[in-house]
Amino acid sequence: MADTYETLLVERADGVALVRLNRPEALNALNSTLLGELAALLGEIEGDDAIGCVVLTGSERAFAAGADIKEMSTKTYAQMFKEDFFTAQARAIERFRKPIIAAVAGYALGGGCELAMICDFILAADNAKFGQPEINLGVAPGIGGTQRLTRFVGKSKAMEMVLTGRMMDAAEAERAGLVSRIVPAADLIAEALAVARKIAAQSPLAVMMNKEMVNAAYDTTLTQGVALERRLFHSLFAFDDQKEGMDAFVAKRKPAFKGS
């Protein structure tokens, strides 16, 4: 499938797909076309054994400055409800089994912040700013913002941000646990790609299972989560990659994982 999209720029190399949101005229605001193309791309990458990790980014000025207000402003409740606005695209991104790293520079606001939080972890440029300013428009987050932000940074900080629209800078986002770490803006993409290549070099089966385990921590009790972890840990011993990884460790050589 050719990587030709209206709202995305895609590069593939070294087991990694670098996906850039590309609506510069709107600071990468998320509309139906962009989210639909992103969902379709991830569906295609899901079956591409050559890609083991995705880096999702925007521009130096904005990861995504929000959802497209012009697209939504005239819609009625009946239209939003009937179209189930955002649901199908968000679920497609959430169900993606390979890791997605959000490399965020500039503004990640509203839907942009929500999209970054759907990703598996966030690397933030030192100029990154996060926020859920929907209250300023008389509405609320609609792609999981109230739920994920609260889980990541706690009720008090999330409630303040959601009710006031206050933005959080990169330093605060790191302290609060929203982002994995901060990278100088000039180095953001290079660092994100380096991390992604490291992930892509691992056993793809182990990577997908580890992602599933960590995500389960947010959806289950501790007892259920530990039980799932143990069963998936046991199941990894059914794969050739486990034998290769452990044999390579004993032999003090680099493993050659095959995804089998």
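E83 is partly exposed, with 42% of relative accessible area. The model described here is predicted. In this model the side chain of E83 meets that of K75 in a salt bridge, with 3.1 Å from N to O. K75 is partly exposed as well, at 24% relative accessibility. Elsewhere, salt bridges with shared partners link K157, E160, R166 and E172 in one network.

## Salt bridges

Side chains of opposite charge can pair when their charged atoms come close. How many salt bridges does a search of the whole structure find? The search gives 12.

One of them joins D48 to R12, and their closest N and O atoms are 2.8 Å apart. D48 sits in the loop between α1 (32-46) and β3 (53-57), while R12 belongs to strand β1 (residues 8-13), so this pair ties together parts that are 36 residues apart in sequence. D48 has a relative accessible area of 19%, and because buried means under 20%, D48 counts as buried. R12, at 29%, is partly exposed.

Another salt bridge is formed by R23 and D68, with 3.0 Å between the closest N and O atoms. R23 is in the loop between β2 (16-21) and α1, and D68 is in the loop between β4 (62-64) and α2 (69-72), so the pair connects parts that are 45 residues apart in sequence. Are R23 and D68 buried or exposed? Both are buried.

The table collects relative accessible areas for some of the residues in this report.

| Residue | Relative accessible area | Class |
|---|---|---|
| D48 | 19% | buried |
| R12 | 29% | partly exposed |
| K75 | 24% | partly exposed |
| E83 | 42% | partly exposed |
| L38 | 2% | buried |

## Helix α1 and L38

Helix α1 has 15 residues. From its first C-alpha to its last, α1 reaches 21 Å, close to the 21 Å expected at 1.5 Å a residue. Which residues of α1 are buried? They are L34, L35, E37, L38, A39, L41, L42 and I45. An α-helix has 3.6 residues a turn, so residues three or four places apart point the same way. The cover over the buried residues of α1 includes strands β1, β2, β3 and β5, together with helices α4 (87-95) and α5 (111-118).

Setting aside neighbours within four places in sequence, L38 is in contact with L8, V19, L56, I93 and L115. L18 lies 20 residues from L38 in sequence, and the two C-alpha atoms are 12 Å apart in space.

Strands of a sheet pair through backbone hydrogen bonds, either parallel or antiparallel. Strand β5 (residues 100-104) has five residues and five of them are buried, so β5 is largely enclosed by the rest of the structure. I100, A102 and V104 point one way from the strand, whereas I101 and A103 point the other way. The residues on both sides are buried.

β5 runs parallel to β3, and four bridges join the two strands. Here V54 stands opposite I100 of β5. β5 also runs parallel to strand β7 (residues 121-125), again with four bridges. In this pair, A103 stands opposite L123 of β7.

## A sheet of four strands

An open sheet has four strands in the order β4-β6-β8-β9, and its pairing is mixed. Which strands stand at the edges? They are β4 and β9 (168-169); each has a single partner strand, so one side of each is left without a neighbour in the sheet. Strand β8 (residues 129-131) and β9 run antiparallel and are joined by two bridges. One of the residue pairs is F130 with M168, the latter in β9.

## Helices α10 and α11

Two packed helices are described by the angle between their axes and the distance between the axes. The axes of α10 (residues 204-216) and α11 (residues 222-235) come within 10 Å and cross at roughly 175°. Because an angle over 145 degrees counts as roughly antiparallel, this describes α10 relative to α11. On the α10 side the contact is made by M209, E212, M213 and A216, and on the α11 side by L228, E229, L232, F233 and S235.

Technical notes: Residues numbered from 1 in each chain as written. Predicted model: local features only at pLDDT ≥ 70, side-chain atom pairs only at ≥ 80, totals over all residues. Heavy atoms only, no water. Salt bridge = Lys/Arg side-chain N within 4 Å of Asp/Glu carboxyl O. Buried < 20%, exposed > 50% of the residue type's maximum accessible area, 1.4 Å probe, protein only. Contact = heavy atoms within 4.5 Å. Pairing = 2+ DSSP bridges. Expected span 1.5 Å × (residues − 1). Axes fitted to C-alpha atoms, helices over the stretch in contact; angles between N-to-C directions. Parallel < 35°, antiparallel > 145°, perpendicular 65-115°, else oblique.
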